[in-house]
Amino acid sequence: MSEQLIGVIIGGLFGFVGALFGTVLSIWAENRKLYRDDIEKVRFRIVGDAVQTSEVLEYVGLQRKGKWPLVWRKRVPDLSHAKLAEVDLRKQDLRDIIFYFANLEGANLAYANLYGVDLSNANLKDADLYRANLQNAHLYRADLSGARLEKTDFSGAKFFGADFSNAILYDAKLKNVDLRQANLREVDLNLANLSGVKYDEQTIW
C-alpha cells in the first residue's frame with residue numbers, strides 16, 4: 001500500500017472522528033438545553049416567577065468577578081431596580097451590593113452581611129433584618145416601614161429621609177447614624193443605641 005493511500009485513509013479517519021465528535025458534542029449541548037428548559041418549567045410550576053436564593057447568589061457571584069485583563073479586580077454587583085420581594089437571603093454575604101430602588105418588600109435578610117450596601121430608595125417594607133449587619137449602609141429615603149430590625153447593626157449608616165414607621169428597632173445599634181428627615185413614628189426603640197445620632201427638626205419621632 002502506497003504512502004499516499006495510507007495518508008488518505010488516515011486523513012479520512014481523522015475527518016470521520018472529528019465529525020463524530022462534533023455530532024456527539026452537538027447532541028450533548030442540545031440535551032443540556034432541554035434539561036435546563038425542563039427544570040425551569042418545573043421550577044416555575046412550583047414557585048411561579050418568585051426569585052430563588054440560588055439565582056440571586058449566582059448573579060452576585062458572576063458580577064463580583066473581574067473582567068479581563070484585570071481579573072483580580074473585583075466588581076460591585078448591581079441589583080438596582082431588582083424585583084426581590086419575599087426573597088430569602090438569610091445569612092448571605094451581600095457586602096457593598098447596589099440595591100438602588102430595588103423591591104425587597106417582605107424579604108428575609110436576617111443575619112445577612114449588608115455592610116456598605118446602597119439601599120437608597122429601596123422598598124424594605126415588612127422585611128426581616130434581624131441581627132443583620134448594615135454598618136455604613138446607604139438607605140436614603142428607603143422604606144423600612146413595618147420592618148423587623150431587632151439587634152441590627154446600623155452603625156454609621158445614612159437614613160436621610162427614610163421611613164421607619166411601625167418598625168421594630170429593639171436593641172438595634174444606631175450609633176452615629178444620619179436620621180435627618182426620617183420618619184420614626186410608632187417605632188420600638190427600646191434599648192436601642194442612639195449615641196451620636198444626627199437628626200433635625202424634620203425628623204419625626
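Predicted model: local features only at pLDDT ≥ 70, side-chain atom pairs only at ≥ 80, totals over all residues.
## Overall composition

The chain has 205 residues, of which 34% count as buried. Its secondary structure includes 2 helices and 0 strands. Among the contacts with a separation of 6 or more, 6% are accounted for by residues 24 or more positions apart.

The accessible surface of the chain amounts to about 12600 Å². Carbon and sulfur atoms contribute 55% of that surface.

## Helix α2

Helix α2 comprises 12 residues, 53-64. At 1.5 Å a residue, α2 should span 16 Å, and the 17 Å between its end C-alpha atoms agrees with this expectation.

The buried residues of α2 are V56, V60 and Q63. These residues lie on the same side of α2, because they cover an arc of only 65° around the axis. On the face of α2 turned away from this buried side are the exposed residues S54 and E58.

## The nonpolar core

In soluble globular proteins, nonpolar side chains tend to be buried together. In this model, the largest nonpolar core has 46 residues. The residues with the most contacts inside this core are F99, L114, L134, L139, F159 and F164.

Leaving aside residues up to four places away in sequence, L114 touches L94, F99, L109, L129, A132, N133, L134 and A137.

Notes:
Residues numbered from 1 in each chain as written. Heavy atoms only, no water. Core = buried A, V, L, I, M, F, W, Y, C linked by side-chain atoms within 4.5 Å. Buried < 20%, exposed > 50% of the residue type's maximum accessible area, 1.4 Å probe, protein only. Contact = heavy atoms within 4.5 Å. Helix = DSSP H or I, 4+ residues; strand = E, 2+ residues; numbered from the N terminus. Expected span 1.5 Å × (residues − 1). Arc of directions from axis to C-beta. Areas by Shrake-Rupley, 256 points an atom, 1.4 Å probe, with all protein chains shown as cover.
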